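I opened a structure that was new to me and kept notes as I went.

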Amino acid sequence: MSVKNITKYNFKDIFSVGTVLFEEACTIDHSTQQNNYTIYWIKEGSGIYNIDFKQYKFTDNVLFFLSPGQVFTVGAEQIKTAYKLSFKRDFYCIQTHDTEVACNGILFNNIYETHFVKPCKKDTQKFNFIIESLIDEFQQNETAQYDMLQSYLKQFIINSVRIKKQNHTLQEDSDTRLFKDFSLLVEQNFKTMHTVTDYANRLGISPKSITKHFQKLGKKTPLDFIKNRILLEAKRLLIYTDKSVKEIAFELGYNDPAYFSRFFTKAITKSPLQFKKEY
């Protein structure tokens with residue numbers, strides 16, 4: 001690996017910005033499970049990233065947004081210039097933000113939508129300015145540094161949200177709001193609530209009504225939605241922990257490990273242990 005410069009700036013282990021400049025395109029291979037909220041800006045380069053077992057190909061100037069717990073694997077990577085912004089929930093998510101730029105907004109914790117945005121030339125200039133401002137602020141060590149760093153991060157996220165909204169139609173109607181409410185509830189409760197009725201009761205709507213809303217949006221059934229979230233977490237736990245299938249079953253709310261194994265095998269066409277071994 002021919003690396004020209006790798007620099008990382010930290011603020012109290014809760015926020016960091018890393019810059020990577022390569023003398024020439026290099027291939028890096030690694031896989032990890034995200035512990036923080038992470039933004040990768042691949043300014044120059046190309047590659048294949050796998051996020052939660054889905055493949056994304058990219059070429060030049062693209063931003064990826066990852067949330068804690070997501071599985072990130074590099075299939076192939078030739079990078080010339082890249083930046084990594086990483087922060088803990090306590091640094092940014094404790095603030096009361098507009099729902100679109102929050103940690104449960106358009107970019108983060110939205111595991112059912114695309115994970116990247118592509119900035120245009122004008123957007124790139126804005127991101128360059130923000131990155132330069134962040135790096136400068138890291139080196140100041142002045143009063144209110146926390147507030148300044150948080151402010152620049154928010155600017156970065158707001159600009160990303162604007163790009164996402166420009167390039168993707170974000171519907172805002174009753175069906176879409178219900179889908180978001182349902183998906184958020186699933187994200188918070190999938191380990192303990194496994195039926196559509198459970199969520200319908202929390203939302204104050206009948207299971208049939210939820211199904212009709214999903215049909216209007218062209219989504220899979222609500223039950224499939226719940227099952228897919230459970231399966232995704234099962235895959236994460238199988239790959240990135242040493243927990244047994246029995247322990248994973250209990251963690252995901254299944255008192256009968258054999259039933260959980262049959263559920264997993266039917267959906268994936270591989271047993272939990274086969275999936276772990278082959279992956």
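**Ground rules.** I am working with a predicted model, where local features need pLDDT of at least 70, side-chain atom pairs count only at pLDDT 80 or more, and totals for chains, interfaces and linings use all residues. Residues are numbered from 1 along each chain as its sequence is written, and side-chain values use heavy atoms, with hydrogens and water left out.

**Cores.** I looked up the nonpolar cores first. Such a core is a set of buried Ala, Val, Leu, Ile, Met, Phe, Trp, Tyr and Cys residues joined through side-chain atoms within 4.5 Å. Buried means under 20% relative accessible area, exposed means over 50%, and partly exposed lies in between (1.4 Å probe, protein chains only). The largest core has 33 residues. Phe-15 and Phe-87 have the most contacts inside it. Among the elements that give two or more residues to this core are strand 1, strand 2, strand 7 (71-87) and helix 2 (121-138). I took helices (H or I, at least four residues) and strands (E, at least two) as DSSP runs, numbered from the N terminus. Helix 3 contributes the most to this core, seven residues. Another core, of 28 residues, lies apart from it and includes Phe-182, Met-193, Val-196 and Phe-264.

**Helix 6.** Which residues are buried in helix 6 (residues 207-216)? I found Ile-210, His-213 and Phe-214. They sit on the same side of helix 6 because they cover an arc of only 100° around the axis. That arc is taken from the directions from the helix axis to the C-beta atoms. An α-helix has 3.6 residues a turn, so residues three or four places apart point the same way. I then checked the face turned away from the buried side: it carries exposed Lys-208, Lys-212, Gln-215 and Lys-216. Just after helix 6, Gly-218 has a positive phi of about 70°.

**Positive phi elsewhere.** Most residues other than glycine have a negative phi. Lys-12 has a positive one, near 50°. I placed Lys-12 in the loop between strand 1 (3-11) and strand 2 (15-27). Lys-12 counts as exposed, at 66% relative accessibility. Thr-269 also has a positive phi, near 65°. Its loop runs between helix 9 (257-268) and helix 10 (272-278). Thr-269 counts as exposed at 66% relative accessibility.

**Asp-181.** I found Asp-181 in helix 4 (residues 174-189). Asp-181 is partly exposed, with a relative accessible area of 42%. Asp-181 and Tyr-199 are 18 residues apart in sequence and 9.8 Å apart in space, C-alpha to C-alpha.
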